[in-house]
Amino acid sequence: SNGQTLSPNLTIENAATAIDFYKNAFGAKVGDLYPDKKDPNKLMHGEIEVFGSNVHLADPMKSWDPTVVSPKELDATSATLSIHFGDDDAQVDAVYKTSLESGATSRSEPKDQFWGQRMATIVDPSGHTWHLTADISKERAAASNTKKPANVEAVADEPPAKKKARAEPPMQSVTVSLTVEGAKAANQFYKAAFGAEIVAEHPAGDGKRLMHSTITINGNSIFVTDAFPEWGAVSQSPKALGGTTTATNLHWDTPEEVDAIHERAVKAGATEKMAPADMFWGHRFSTVLDPFGHAWTLSANISPERTA
């Protein structure tokens, strides 16, 4: 483990074969794979490492949880993933290129953006959307031919003192961004259910929705944003889609925490999908669905005696 306590769990049709794309495009390292005994092309659970971050993947298990479905089935996603390369902006272009060569489609080619990043967006062959980002200089951001939409309050407009006081936590290289209807309310729920800390919320021009927000749970960052269908946004809310394409795994230090957080989440308004139980792969494990339609799995390592 790399100290990462929060991992996206991507739902993918034929996940065992989909791993090849992540190896070729992102140089992913493959970890534990648990194939479905009935169909070895399907994965009950798999783990890969993408630029130092853990990403989990699994085939849709309809009988087990019909609310978690693949992007192929919905023709959309309820979450996106961001890979951040620090200030190595050449990586954005390089990984964009290998992604397309490995079978991804382009949503936007690498470009300097007004908010201070070089960014490209690709859709992988399984239908998941990835933003490739790196920080660029103020001069390059100002010279970029991208414009700030009139109805957006940009972080860049904050006085430097305020900006400095609110330093963003260090991001793991892969960060999941959940799309919801009502991001402000969702962040309050994540606070109540999982003890989330709200790091930053950037309102949209309508004063109701959030363009972008960062929260941390158990020390790791996650982004939460409202849906903006009028912009042809890449991701829609689970409510609009009737399902979610990504679950988020929260890994805790002890099995007792899984039970306590599970209970706390249900009290806060989550729906229990699977009560905490000891699993054959060595985890105490449970699943809840939050009121906004996103699935969360809670896990902690257990002793080998308990898995027997």
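What does the accessible surface of the protein come to, and what share belongs to carbon and sulfur atoms? The surface comes to about 14,100 Å², with 53% belonging to carbon and sulfur atoms (Shrake-Rupley method, 1.4 Å probe). This is a predicted model: local features need pLDDT of at least 70, side-chain atom pairs count only at pLDDT 80 or more, and totals for chains, interfaces and linings use all residues. Residues are numbered from 1 along each chain as its sequence is written, and side-chain values use heavy atoms, leaving out hydrogens and water.

**Overall fold**
- The protein has 9 helices and 16 strands (DSSP runs: H or I of at least four residues, E of at least two).
- Of its 308 residues, 51% are buried (under 20% relative accessible area, 1.4 Å probe).
- Among contacts (heavy atoms within 4.5 Å) with a separation of 6 or more, 63% join residues 24 or more positions apart.

**Helices α6 and α8**
- The axes of α6 (residues 183-194) and α8 (residues 255-268) come within 7 Å and cross at roughly 140° (lines fitted to C-alpha atoms over the stretch in contact; angles run from 0 to 180 degrees between N-to-C directions).
- F189, K191, A192, A193 and F194 of α6 meet I261, R264, A265 and A268 of α8.

- Strands β14 (residues 271-278) and β15 (residues 283-289) run antiparallel, joined by 5 bridges (pairing takes at least two DSSP bridges).
- M274 has T287 of β15 as its bridge partner.
- The hairpin has 4 residues between the strands, and G282 takes a positive phi near 95°.

Key:
Buried means under 20% relative accessible area, exposed over 50%, partly exposed in between (1.4 Å probe, protein chains only).
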